[in-house]
Amino acid sequence: MSDAPPRGTADGQMGDAPPRRTPDGTVSEVPLLRARGLRLAFGLTEALRGVDVDVCAREIVAVTGPSGSGKSTLLHVLAGVLAPDAGTVDYGGVRVTDLDEEGRSRLRLAEFGFVFQYGQLLPDLSAVDNVTIPLLLTGIRRREALRRAGEWLDRVGVGDCAARLPAEMSGGQAQRVAVARALATGPAVLFADEPTGSLDSLAAETVMLALTGAARESGATVVLITHDPRTAAYADRELTVRDGRVTFGGLVG
Ligand SMILES: Nc1ncnc2c1ncn2[C@@H]1O[C@H](COP(=O)(O)OP(=O)(O)OP(=O)(O)O)[C@@H](O)[C@H]1O
């Protein structure tokens, strides 16, 4: 969005991040996220067993694979939520895997947005207030935050739900509010873990249309986990994870 706050100063080292919007509006060929040799075990369970992944600026990448194959773990490591046992993640000019917990937290707040499968909206707040909260946290004044939140709800097709509580919306409407909330602060990368996992196919379609449309419009890169081929079909590229390894489509070029 043109009125999004400036991005990329989580630790003051984001100046050499590749451009997210190429002059002709296409996806950049330069990896924005670059992971190499990722390994992570939970006790005896090797969730990631040597994963290499590139995600280019403005790309929409679907991560697919069987249950328990390591998809969520990979997303959490790419997003700096989890630190791997071995391997590197680079985001623009920042080596995420060299940051401590606090540095990763600042990076997430400044650069990343998240959408999950369930229960992400604050139940006691209306749709518009749910979208307003992260804007207020970036220091935007309430009146302006409300205006932007309303615009985002319109953009994802749920402007008429602005005053409703999450319990007064359908699952698909609530997920579109969650998409608006995740994108309203202008994140460079949107990470979505099964965003349509709890929805019927029609609602899933409306959510994916809203998510991909809004992400493309705002120039956000998207990494989304799904085991629904119809959801994966909205992506520019699909990569497959099996037994902790990327078996298909991890690298570009
Ligand atoms: N916090 C944890 N503690 C222990 N084991 C874990 C933890 N998180 C994940 N695992 C294990 O790591 C492996 C990969 O899990 P992960 O959640 O990444 O898979 P997934 O492909 O996302 O699965 P699903 O599609 O069912 O969500 C699984 O064997 C899982 O049980």
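How many residues lie between S1 and S2 in the hairpin that these strands form? The hairpin has 2 residues between S1 and S2, and Gly43 in the turn has a positive phi of about 60°. The model is predicted, with local features requiring pLDDT of at least 70 and side-chain atom pairs counted only at pLDDT 80 or more, whereas totals for chains, interfaces and linings use all residues. Residues are numbered from 1 along each chain as its sequence is written.

The protein chain contains 7 helices and 10 strands (DSSP runs numbered from the N terminus: helices are H or I with at least four residues, strands E with at least two). Of its 253 residues, 47% count as buried, that is, 20 or more other C-beta atoms, placed from the backbone, lie within 10 Å of the residue's own. Of the contacts (C-beta atoms within 7 Å) between residues at least 6 apart in sequence, 73% join residues at least 24 apart.

Strands are taken as paired when DSSP finds at least two bridges between them. Strand S1 (residues 31–42) runs antiparallel to S2, with 9 bridges; Ala35 has Val53 in S2 as its bridge partner. S1 is also joined to strand S4 (residues 86–91) by 5 bridges, again antiparallel, and Arg36 stands opposite Thr88 in S4.

The residues around the ligand (C-beta atom within 6 Å) are Phe42, Thr45, Ala47, Gly65, Ser67, Gly68, Ser69, Gly70, Lys71, Ser72 and Thr73. Strand S2 (45–56) and helix H1 (71–78) are the elements giving two or more residues to this shell, and H1 gives the most, with 3. The shell divides into 2 nonpolar, 8 polar and 1 charged residues (nonpolar: Ala, Val, Leu, Ile, Met, Phe, Trp, Tyr, Cys and Pro; charged: Asp, Glu, Lys and Arg; polar: the others, Gly among them).

Definitions and conventions
Buried ≥ 20, exposed ≤ 12 C-beta atoms within 10 Å, placed from the backbone. Contact = placed C-beta atoms within 7 Å.
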